[in-house]
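Grab a pencil and work through a few exercises on the structure below. Try each task before you read its solution.

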Amino acid sequence: MASEQQISHGTQYESSNPLSQSPVKTETLTNTTVLNQDETKKETTEFEKNKKRYQDLISTFPHAKGWRPKAPLIGYGGHWIIQPLLEGCLFAQDFFQARPNDFFVCTYPKSGTTWLKALTFTIANRSCLDQSSNPLLKRNPHELVPFIEIEFPFFPQLDVLKNKENSLFSTHMPHGLLPESISKLGCKMVYIWRDPKDTFISMWTFFQKQRSDNGPLNSLEESFDMFCRGFSGYGPYLDHVLSYWKAYQENPNQVMFLKYEKMRADPLPYVKKLAEFMGYGFTGEEENEGVVEKVVNLCSFDMLKNLEANKGEKDREDIPWSFYPNSAYFRKGNVGDWQNYLTPEMAARIDGLMEDKFKGTGLLEHVIYT
Ligand SMILES: Nc1ncnc2c1ncn2[C@@H]1O[C@H](COP(=O)(O)OS(=O)(=O)O)[C@@H](OP(=O)(O)O)[C@H]1O
């Protein structure tokens, strides 16, 4: 059942499927519906204790130069992750307890996370599709589908994760680092990947908008070289993609695997398939009434980018202090924007790496949903 707070904000949910009860972040959620003040204090202390434990552990892991001088990349489980997010990953591995009906949006950063969050949330909550109270019209999609690897300064996010009514989550963790309960319980997940050239450009330009105390961002050339050598947040990127591709091949009923460029060219069949996969298939009647098109349009880049909630310097409301304005999550949404930044030699380098890495995996010929 939706909490009173959600109802008081005019949000309606379908009640037949647990995913439809994803929480809507409200001003009051930071006060938490889940914990009273004493409990919150206890949790915060526990949280701080773990933070120290993780920091001690992380100091023993390999460190490499990052994209900013004061943000080294730290090696863990075959991937490179920056300190606050790695602390969040360790925390999630220790404490995140999935339930069988939980659904996960899994991505490498800058490859379609925001779009998939909007789509999964809208599919699961489409009873309020046409209403002005629709949460997607008021909130950044990141506020509606919480990351499980919360960053330690952002304690209020913990409340969102603890909200028993929520079953929609997201993560940037590679498949091999996911909290054990997710695979053990056979939770479903959707993964999207994107041309590494556009992913890189999207990431580098995103970091340019970051409010950071970690020193100046590396040049495009140096960052690109590092990205190609696997040194990027949650990198190597190609290994990240492969981790979910393998999981998909081993268990296609558990993992849905999408490609940004294909969805961008023709989102409709993918959105239909995604809804079916989530257990929210569109009925014939809904299809006749154009509901699929409505979902696609509501979650489209142009629609989301132009919403007041996602414009200008406005910050996300689910975290007390944000590194990015909401508008940073909606840059161009184009396929092939890399051509405005990378030389043909740079493009050939990363294309070659991708072909070598993915050769024989079937990934490059990956299924089209029609
Ligand atoms: N609705 C929708 N449809 C299509 N594309 C979209 C949408 N929303 C965001 N974007 C584009 O996705 C890029 C950001 O990637 P992520 O959402 O994965 O970023 S993040 O990891 O959540 O920070 C980033 O791509 P670039 O424009 O190339 O930088 C966004 O513009």
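**Exercise 1.** In which sense do strand 2 and strand 3 pair, and over how many bridges?

*Solution.* Keep in mind that you're looking at a predicted model. Start with the pair itself: strand 2 covers residues 73–76, and its pairing with strand 3 is antiparallel, over four bridges. Now pick out one of the residues involved: Tyr76 has His79 of strand 3 as its bridge partner. Then zoom out to the whole sheet, which is open, has three strands in the order 1-2-3 and pairs antiparallel. Finally, look at what lies across strand 2 and strand 3: that's helix 3 (residues 83–95), running at about 110° to strand 3.

**Exercise 2.** Work out the strand order of the four-stranded sheet, then find the helix that packs on it.

*Solution.* First, the order is 5-4-6-7; this sheet is open too, with parallel pairing. Next, find the edges: strand 5 and strand 7 each pair on one side only. Neighbouring strands here are turned by 20° against each other on average, ignoring direction. Inside the sheet, strand 4 and strand 6 pair in the parallel sense over five bridges, and Phe103 stands opposite Lys188 in strand 6. As for the helix, it's helix 12 (residues 267–278), which touches strand 4, strand 6 and strand 7 and makes about 165° with the direction of strand 7.

**Exercise 3.** Is the ring pair of Phe96 and Phe169 stacked or edge-to-face?

*Solution.* There are 25 aromatic pairs in the structure. For this one, check the geometry: the centres are 5.0 Å apart and the planes make 80°. Planes over 60 degrees apart count as edge-to-face, and that's the label for Phe96 and Phe169. Now place the two residues: Phe96 is in the loop between helix 3 and strand 4 (103–107), while Phe169 is in strand 5 (residues 168–171), so the pair links distant parts of the chain, 73 residues apart. What about burial? Buried means under 20% relative accessible area; Phe96, at 11%, counts as buried, and so does Phe169, at 1%.

**Exercise 4.** Classify the ring pair of Tyr191 and Phe257, and say which strands hold the two residues.

*Solution.* The ring centres are 5.5 Å apart and the planes are at 25°, so this pair is stacked. Tyr191 belongs to strand 6 (residues 188–193) and Phe257 to strand 7 (residues 255–259), so parts 66 residues apart in sequence get tied together. Tyr191 is buried, at 0% relative accessible area, and Phe257 is buried at 0% as well.

**Exercise 5.** Which ring faces do Lys188 and Lys197 lie over?

*Solution.* Take them one at a time. Lys188 lies over the face of Phe277, 4.6 Å from the ring centre. Lys197 lies over the face of Trp338, at 4.8 Å from the ring centre.

**Exercise 6.** Where is Leu364, and which residues does Leu364 touch?

*Solution.* Look in the segment after helix 16 (344–358). Leu364 has a relative accessible area of 40%, so it's partly exposed. Leaving out residues up to four places away in sequence, Leu364 touches Trp193, Met354, Glu355 and Phe358. To finish, compare with Tyr234, 130 residues away along the chain: the C-alpha atoms of Leu364 and Tyr234 are separated by 21 Å.

Note on methods:
Residues are numbered from 1 along each chain as its sequence is written. This is a predicted model: local features need pLDDT of at least 70, side-chain atom pairs count only at pLDDT 80 or more; totals for chains, interfaces and linings use all residues. Side-chain values use heavy atoms; hydrogens and water are left out. Two strands pair if DSSP finds at least two bridges between them. Contact means heavy atoms within 4.5 Å. Axes are lines fitted to C-alpha atoms, for helices over the stretch in contact, and angles run from 0 to 180 degrees between N-to-C directions. Rings of Phe, Tyr and Trp (its six-membered ring) pair if their centres lie within 6.5 Å; planes under 30 degrees apart count as stacked, over 60 as edge-to-face and the rest as tilted. Buried means under 20% relative accessible area, exposed over 50%, partly exposed in between (1.4 Å probe, protein chains only). A charge sits over a ring if NZ of Lys or CZ of Arg is within 6 Å of the ring centre and within 35 degrees of the ring normal.
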